[in-house]
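Visitor: I would like to go through this structure with you. Could we begin with how the chains meet?
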Number of protein chains: 2
Amino acid sequence: MNPTIKDVAQRAGVSVGTVSRVLAKNKTVNEDIRTKVEATIEAIGYRPNILGRSLRLAKTDIIGLVVPDITNPFFAELAKHVEMLASAEGYSVLLANTHDDPEAEKQQIETLLGRLPAGLILVPVSNSLVDNLVIGTRTVTVDRPLSGHALVAVDNRQGGYLAADHLLSLGHRRIGYISGPGTTEVSSERRDGFLRRLDAFRETHGGEYIAPQIVEGHFDYRSGEELGKQLLMQPAATRPTAIATSSDQQAIGLLRAAGDMGVRVPNDLSIVGFDDIPLASLVQPRLTTIRQPIDEMARLALEGVLGSHALEEEYKLQPVLMRRGSCTSPSAP
Amino acid sequence: MNPTIKDVAQRAGVSVGTVSRVLAKNKTVNEDIRTKVEATIEAIGYRPNILGRSLRLAKTDIIGLVVPDITNPFFAELAKHVEMLASAEGYSVLLANTHDDPEAEKQQIETLLGRLPAGLILVPVSNSLVDNLVIGTRTVTVDRPLSGHALVAVDNRQGGYLAADHLLSLGHRRIGYISGPGTTEVSSERRDGFLRRLDAFRETHGGEYIAPQIVEGHFDYRSGEELGKQLLMQPAATRPTAIATSSDQQAIGLLRAAGDMGVRVPNDLSIVGFDDIPLASLVQPRLTTIRQPIDEMARLALEGVLGSHALEEEYKLQPVLMRRGSCTSPSAP
DNA sequence: TTGTCAACATGAAACGTTTCATCGTCCGGA
DNA sequence: TCCGGACGATGAAACGTTTCATGTTGACAA
């Protein structure tokens, strides 16, 4: 087996406690002894056993990351940033998928907590069963709130607001909105922000106002495609000239539906997405979308989990509108 | 702190060894005692401490998963399947990204091994510095080979072959190929298979044969877009009527380049991808591609890592051609 | 009654750390 | 010369398991 701290102590002619203090680096230890110990460590290639240390300290240097589905580009991006930052600090990331199933989430989190992680970064499912895990483990939720826990998220209302504002300012009046699942706070916030801007418009331009057409589904490609078809299969006179979505995946699905139905983007239809996943700037046309600063979110979440200061209630970040090719002014009727 | 096995023992009036045997489930232990112990476990809500157990057994129930970039849909898909299967067996997955940097890979794997994982699933980088880790940890590589380790991968040659065969049978003669980085075995195998089919065609139809135009770059979207532009900015007379790529990401980048340049797919240009990532069937038009059975690959890799039988040298899986909308016969000149 | 054996529980050691109370040594001051 | 302290090393305990050699019990045969 690998050499242990005992071997080092014996070989260097000191006690294990001393070796441990050398490793801890910061304490009072005689210079001669320190160098001798360091030399023997080098000589026999000693590597501390993390398990022993973790047992003693009753905590590990592992961070749990729980997401609905790592296949979702948004969460993949989050995972990448979390992992990069964590490994730079000497932490490792334990990954778990919940598939948006509260039961699975509970299960996953329970086994995760059994491993005594240094902290937990969690994207909770819609109606999570998990609310009592504050105790003992520093936890930060990302993107979606969970009562009693710190939340790192973009200001979704503001995001929806920006989308509506952009479409209105381009001159669109017949507007559609593809919402996420009504049960999630994220969805309703985005939609609320969107509608708030529209309401404000009605106040000032009552005459021109046309109530938006709203449909609702999941955040994924498929849902965007189906709901898109639903919105687009109207006669051109009533069909929206612009549709905003609550995720880029929906927007890309919508793009595909439009393509299938011969509706040209952006000439016949403007589209605004949400998230700014990498793919958004690669589809054809490039997607105008509301960007979430994921790198920043990952940084804040990790800082919250590892930092020593008390956790804030909420870290709200500002979304920003990315103008690309999928929006233009509506063509004259 | 949480109750320990000692608390259980004390409360149930037995020794810790007995409790341990009850937990191990399989051994000889008196029925009355077993039920009493189980009752007290239930009563005080005892959960075994994984750290203690791991230290004693000198191994954990963690599986290391090392990929170049979790943001790549192919690896995300792999991670999802690995994680699902692993957690069903009671294992957890530790995620690490290498960003295709040999140094980072070495670093990541070293810290991972320090955690004494039950096994390691590795997608090695191009010229990996890691070749001595067979010792001690069961390791399976996926997608790309690493000398001395078991490999789970699709038959890349066959994949390239299928792509070429499909394009030829549609009637294409002026064919382009976007290869992955020449340094990777995966790339060269796919290209070899592709060219082998073309050579076979030359044998039989010498007169019609036109040498393929081959360009080479990374596997990502951006590369596909750039190389695509390069191939397409020729006069229509010499420009390929069909292009095969070595990844779906390249193909999607190519799709975008074609769109930008007014080249219609599939009318003016047929495209074949490789991998069949979820997105492939959502772009416009849907991508004809060579499918890798990722779920199967994840299953085999995990089985190899956790199974007790000796590891095979190689597990080769068969790719399959997915016919979708991005290919058709070339239009008359 | 005694001896043997099976069945099963027990206690202690071991895994590799960290930490804390203790102890030795050395130096300066009285 | 002796004492008090400072400095720093030591040894042992503790973290929560598993396992193994040992011990205890009871039943049954002789």
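Guide: A definition comes first: two strands pair if DSSP finds at least two bridges between them. Please also keep in mind that this is a predicted model.

Visitor: Then how many bridges join β2(A) to strand β2 of chain B, and do they run parallel or antiparallel?

Guide: β2(A) and strand β2 (residues 92-97) of chain B are joined by 3 bridges and run antiparallel. Within this pairing, Leu95(A) stands opposite Val93(B) in β2(B).

Visitor: How many residues of each chain are in contact?

Guide: On chain A, 37 residues are in contact with 37 residues of chain B. At least two residues each come from α4 (50-57), α5 (73-88), β2 (92-97), α6 (102-114) and α10 (248-260) of chain A.

Visitor: Which of these gives the most to that side of chain A?

Guide: That is α5(A), with 7 residues. By residue type, the side of chain A that touches chain B holds 18 nonpolar, 12 polar and 7 charged residues.

Visitor: Turning to chain B itself, how many residues of strand β5 are buried?

Guide: In strand β5 (residues 150-154) of chain B, 5 of the 5 residues are buried, so the strand is largely enclosed by the rest of the structure. Ala150(B), Val152(B) and Val154(B) point one way from β5(B), while Leu151(B) and Ala153(B) point the other way, and all are buried.

Visitor: Which strands pair with β5(B)?

Guide: One of them is strand β4 (residues 138-142) of chain B, which pairs with β5(B) in the parallel sense over 3 bridges. There, Thr141(B) has Leu151(B) as its bridge partner. Strand β11 (residues 314-317) of chain B also pairs with β5(B) in the parallel sense, over 4 bridges. In that case the bridge partner of Val154(B) is Leu317(B).

Visitor: Back to chain A. Which residues of helix α1 are buried?

Guide: In helix α1 (residues 5-12) of chain A, the buried residues are Ile5(A), Val8(A) and Ala12(A). They cover an arc of only 60° around the axis, which puts them on the same side of α1(A).

Visitor: What do they pack against?

Guide: The buried residues of α1(A) pack against α2 (16-24) and α3 (31-44) of chain A. Just after α1(A) comes Gly13(A), which takes a positive phi of about 70°.

Visitor: And how is chain A divided into domains?

Guide: Chain A is divided into domain 1 (1-49) and domain 2 (156-292). The C-alpha centres of these two domains of chain A lie 63 Å apart.

Technical notes: Residues are numbered from 1 along each chain as its sequence is written. Chains are lettered from A and ligands numbered from 1 in the order in which they are written. This is a predicted model: local features need pLDDT of at least 70, side-chain atom pairs count only at pLDDT 80 or more; totals for chains, interfaces and linings use all residues. Two residues are in contact if their C-beta atoms, placed from the backbone, lie within 7 Å. Ala, Val, Leu, Ile, Met, Phe, Trp, Tyr, Cys and Pro count as nonpolar, Asp, Glu, Lys and Arg as charged, and the others, Gly among them, as polar. A residue is buried if 20 or more other C-beta atoms lie within 10 Å of its own, exposed if 12 or fewer, and partly exposed in between; C-beta atoms are placed from the backbone. The arc is that of the directions from the helix axis to the C-beta atoms. Domain bounds come from an automatic or database domain assignment.
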